[in-house]
Amino acid sequence: MTLITDITLRRILDSRGNATVEAEVTTESGGFGRGAAPSGASTGEHEAIELPAEEAIEKAEAEAVPALVGEVDAIDQRAVDDTLHEVDGTDDFSGIGANSAVAISMAAAKAGADELGLPLFQHLGGTFRGDQFPTPLGNVVGGGEHAEEATNIQEFLSAPVGAPSVTEAVFANAQVHARIGELLEERGVPANKGDEGAWAPPIGDDEAFEIVDQATTKVGDELGFEISFGLDMAAAEMYEDGEYVYEGEDNRSTAEQIDYVAEMVDEYDMAYVEDPLDENDFEAFAELTDRVGDRTLICGDDLYVTNVERLQEGIDKGSSNSILIKPNQIGTLSDAVDAIELGADNGIVSAVSHRSGETEDTTIAHLAVGAAAPYIKTGTVAGERTAKLNELIRIEEQV
Ligand SMILES: O=C(O)[C@@H](CO)OP(=O)(O)O
Ligand SMILES: [Mg+2]
């Protein structure tokens, strides 16, 4: 038994320059952990509620801190996370804020790991974990809610599925990013960057497909392993009055959207498509999964919001064969692990993910390894993204 003896909460900056919550947890025998909440821009309608940082801190200081300090064992992550739920008293963390909850949950996990003298992935996953590493999906071109005047599709993701190690995969994605920069320059396209460090060029989706295909193929040939690519369409953001709105192109009905995505999957042999349809359309997701799910991953992000009840609905309806896992969408690490495990029990492939607003926190790298998630989506370049990628490289070296 190693009780939590202190919790400090403060406002820090995230990568967009917005205020977010950082938590520090200290234990009886000197264990220490620090965690910081990320923040989304293309947030799902059903996500746990992020409160303004100052309000979230005040509420958590009043409710969560007294219930945890001197009361809960830092090593018992379930007890920490159950306590957060109890004091919050809502089903969406609107009481203390999902940002305070996830920061405390992650800080407590790190304090627990410190206490045990274990790397975080092993505290989270157990003795036999650390033998499987996620393939990093690297955002290389994007637009949508993450950049103005860029592609309609939010993210084009390099997917080094044939990489022999996570380290080689991480470097491959950086090379694809660099190659795309060169291709854009050759075409005379001004290359700004979006919130996650991906190129945000003022080009149409068709041209982006072409460029990403060219870059992944070229770098894959040079490195001698397969680099595929995928998308996060964040289609809920495009969905208006029953149609998918594409700037500079005709709108698409749901049936047309399904046809379009299925065609692109085959044309480019894509490995992964996230949120191709609206966040409430489990049925349209199921239709698409039925068509192409034998050859690509159809992933639910805004569809599931890391919530086991929504995931169960997707499993029952055959909506997807993959789920995106974002701890701050649901509020605690225990809830995130529950979603990964429910998925794994039902053949649903997990991709642990960053948010577009991030900090230097590296918890998701450990979560992906500890829970043996087959994929991680955490950017390609930019310090708050490389923080996670470099942590994966260190973990791989350790085991
Ligand atoms: O949609 C997504 O998957 C994420 C991360 O890439 O974006 P945001 O954090 O803005 O929701
Ligand atoms: Mg998404």
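**Figure 1. Shell of residues around ligand 1.** The shell around ligand 1 comprises 2 nonpolar, 6 polar and 6 charged residues. The view is taken from a predicted model. In total, 14 residues surround ligand 1. G40, A41, S42, R355 and S356 are the closest of these residues to the ligand. Both domains take part in the shell: domain 1 (4-117) and domain 2 (135-398) each supply at least three residues.

**Figure 2. Arrangement of the two domains.** The protein chain is assigned domain 1, covering residues 4-117, and domain 2, covering residues 135-398. Taken over C-alpha atoms, the centres of domain 1 and domain 2 are 27 Å apart. Contacts between the domains involve 31 residues of domain 1 and 32 residues of domain 2.

**Figure 3. The side of domain 1 that touches domain 2.** This view concerns the 31 residues of domain 1 that are in contact with domain 2. Strand β3 (32-36) and helices α2 (77-88) and α3 (98-116) are the elements that contribute two or more residues to this side of domain 1. The greatest contribution comes from α3, with 7 residues. By residue class, the side of domain 1 that touches domain 2 consists of 13 nonpolar, 12 polar and 6 charged residues.

**Figure 4. Positions listed by UniProt as "binding site".** An unreviewed UniProt entry gives this annotation to H146, E155, E274, D301, S353, H354, R355, S356 and K377.

**Figure 5. Surroundings of E155.** E155 lies in strand β5, which spans residues 155-159. Apart from neighbours within four places in sequence, the contacts of E155 are N139, G142, A198, L231 and D232.

**Figure 6. Surroundings of S353.** S353 is located in strand β12, which spans residues 349-353. With 28 C-beta neighbours inside 10 Å, S353 is therefore counted as buried. When neighbours within four places in sequence are set aside, S353 is in contact with L324, I325, K326, K377 and T378.

Definitions and conventions:
Residues numbered from 1 in each chain as written. Chains lettered and ligands numbered in written order. Predicted model: local features only at pLDDT ≥ 70, side-chain atom pairs only at ≥ 80, totals over all residues. Near = placed C-beta within 6 Å. Nonpolar A, V, L, I, M, F, W, Y, C, P; charged D, E, K, R; others polar. Domains from an automatic or database assignment. Contact = placed C-beta atoms within 7 Å. Helix = DSSP H or I, 4+ residues; strand = E, 2+ residues; numbered from the N terminus. UniProt positions renumbered as here; feature names shortened; annotations may be inferred. Buried ≥ 20, exposed ≤ 12 C-beta atoms within 10 Å, placed from the backbone.
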